[in-house]
Amino acid sequence: MTQLDRYSGGALLAVALAVLIGAAHMPIGTPSDPGPGLFPFVGAILLGILSTLLIVLPTQAAAESDPPAPLPDVVKMLAALCLYALAFEPVGYPLSTVGLLAFILYENKQTIAVILGLSIGLSAATYYTFAKVLGVALPPGLLMV
Amino acid sequence: MDILDHFLLGLSHALSWTNLLFCFIGAVLGTTIGMLPGLGPAAAIALLLPATYAMPPTAAIIMLAGIYYGAMYGGSTSSILLNVPGESASVVTCLDGYRMARQGRAGVALGMSAFASFIAGAFGTAGLMLVGPPLADFSLRFGAAEYFSLAVLGLVLVTYLGGASVLKGLIMAVLGLLFGTVGIDPISAYQRFTFGVLSLSDGIDFVPVAMGLFGLGEILATRTEGKSQQILEARLTGLLPTARDWIAARWALVRGSFVGFFVGALPGGGATIASFVAYALEKRLSRRPETFGTGIIEGVAAPEAANNSAATSAFIPLFTLGIPSNPVTAMIFAALLLQGLRPGPLLFKDNPDLVWAVIASMYIGNVILLIINLPLIGVLVQLLRVPYGILAPIIVAFCLIGAYSVNTDVANIWILIAFGALGYAARRLGFEAAPLILALVLGPLMENSLRQALLYSQGDLSIFITRPISGALLLAALAILVGPTLMRPWRMRKSRAVRGEEEAKRSFEPGS
């Protein structure tokens with residue numbers, strides 16, 4: 001865990017630096033009139049100190065019960081979710097959700113019947129419940145025509 | 001006797017067929033809304049607000065109150081079964097509830113959640129009757145300095161949510177505070193870290209963050225077939241808590257109810273903060289803090305008791321001072337205004353039948369909720385028999401729709417994805433998500449209180465220690481921080497003595 005902690009400590013230090021630079025461009029104010037930059041400025045310094053401690057001090061490893069999911073699978077899933085977010089408004093909730101769910105089910109090695117049945121059924125059921133019954137303004141997209 | 005007379009008057013109103021029916025409708029709607037991720041009780045009440053205009057005032061408020069505390073019952077269900085918080089106050093229930101479900105103890109967790117909600121709901125209602133007005137007066141003494149000190153105390157407790165490493169817990173808490181600064185600064189209207197994105201002007205909403213870190217993060221970390229699927233398919237044992245569970249959870253129930261009642265009654269407090277504080281306090285006081293987060297019953301009982309107790313005590317500032325303490329009571333405040341009633345000190349005097357009928361209906365509503373929730377446990381736990389390959393897309397669909405439903409903004413889906421990735425990374429690197437979430441909630445309260453207090457005192461920092469309540473809260477935070485270090489020699493001596501006694505006993509046992 002120590003090596004990984006050093007890497008995450010380094011990444012967090014970079015985040016702290018970025019926030020510090022961002023906060024330094026905001027009005028910090030005075031003790032009697034603190035500005036909007038004060039809190040993020042102090043927070044960034046605190047994050048910097050804690051990240052440095054993470055790099056320097058060894059920490060106790062967290063209990064890990066599951067084997068890690070392979071990184072390529074995680075990247076594929078995140079890419080599918082990003083595509084979904086891009087398609088959400090132009091394509092609409094029902095169709096984009098069918099696509100995403102079908103992809104996840106395919107990745108989880110389900111049969112064609114399950115993929116089609118569950119992706120279409122779940123998308124339709126959630127759309128009906130949230131948009132029609134509860135009045136949430138889900139975009140119908142291409143189905144509006 | 002005055003209180004008893006008023007309560008009996010309220011009970012007679014609450015037991016009318018119309019009020020009973022609306023109490024039932026509110027409880028059922030609340031449970032359902034609570035189970036559905038994203039659409040919290042505030043949004044549900046907002047949707048129903050126009051419909052209440054045509055209803056009798058007492059029935060309308062009874063129904064809306066039922067939705068609020070009913071959501072606290074239902075919110076834990078998806079936290080326990082899917083690791084997706086149904087309601088913001090149920091986030092912390094994920095920590096141990098979901099682990100219990102994976103160990104085949106979903107029924108026990110759901111049962112304890114229902115009983116804890118019932119016990120704390122009844123406790124909160126009794127408190128509302130007996131100490132409501134004096135507690136409301138006390139909460140009025142909370143100014144900016146006191147709220148800052150309260151947030152500091154909450155953040156000190158956060159370090160106990162951080163799993164094995166206090167350092168990593170602190171890092172996540174500071175990250176949460178920094179995420180809390182995104183958006184328009186409420187004092188100067190300055191845009192902070194919004195990068196020109198209009199959706200970020202209102203800040204980062206708590207719901208997609210919690211769903212990303214818990215629900216989506218979990219899916220990303222365990223979505224392939226493997227060990228996790230075998231655990232989910234483990235045999236489901238007992239559907240209700242056993243005597244041993246009750247013994248283990250008894251103090252967590254009591255403390256959770258008290259903490260929830262106090263935090264809920266503070267303007268700006270609320271069920272979410274109450275549930276986190278109750279969990280952290282329980283972990284802090286436990287003899288085995290390392291077992292929290294591994295699936296123990298206390299980790300479900302404390303937050304569930306706290307959020308229900310807080311949902312009830314949130315009515316104290318509303319009824320006695322006319323101050324809504326959170327978005328849900330703000331909606332109920334609006335419903336009272338719609339009915340031509342003015343919440344505040346005169347409400348008890350001018351409309352005792354309404355106020356006391358609502359209070360009495362809370363007892364009835366809690367009984368209704370227990371009756372409808374307990375038989376559901378057997379049905380709900382069957383969800384865990386669904387193979388993980390099929391359950392995963394269902395969870396993803398609920399996370400996405402839940403995040404979008406918050407304010408029908410696609411930016412929340414992006415926030416969900418980003419925090420899902422962060423949740424995955426946090427799991428892999430041994431960071432706990434809970435401190436980040438509580439810090440995100442407490443951050444704006446802490447920053448605004450700090451700046452207001454400094455403005456008020458003209459930059460004099462002593463305001464935080466010279467005001468008695470603020471000073472006491474900071475002293476409590478300090479005691480929690482340095483207490484364990486001071487107590488270490490005494491504890492070591494005690495554990496050495498216990499070990500010595502055990503060794504002596506063993507040496508006298510036959511055959512040794």
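One salt bridge is counted between chain A and chain B; a salt bridge is a side-chain nitrogen of Lys or Arg within 4 Å of a carboxyl oxygen of Asp or Glu. In the bridge between D5(A) and K168(B), the N to O distance is 2.9 Å. The model is predicted, so local features need pLDDT of at least 70 and side-chain atom pairs pLDDT 80 or more, while totals for chains, interfaces and linings use all residues. Side-chain values use heavy atoms, without hydrogens and water; residues are numbered from 1 along each chain, and chains are lettered from A in the order written.

Between the two chains, 69 residues of chain A contact 67 residues of chain B (heavy atoms within 4.5 Å). The buried area is about 5800 Å², and carbon and sulfur atoms give 76% of it. Buried area is the accessible area (1.4 Å probe) that two parts lose on being put together, summed over both.

Over all chains, nine salt bridges are found. E107(A) pairs with K76(A), with the closest N and O atoms 3.3 Å apart. This pair links helix 4 (residues 93–107) of chain A to helix 3 (residues 71–91) of chain A, across 31 residues. Helices are DSSP runs (H or I, at least four residues), numbered from the N terminus.

In chain B, helix 3 (residues 41–52) packs against helix 4 (residues 57–82) at about 165°, with axes 10 Å apart. Axes are lines fitted to C-alpha atoms over the stretch in contact, and angles run from 0 to 180 degrees between N-to-C directions. The two helices are therefore roughly antiparallel (angles over 145 degrees).

Terms used. Parallel < 35°, antiparallel > 145°, perpendicular 65-115°, else oblique.
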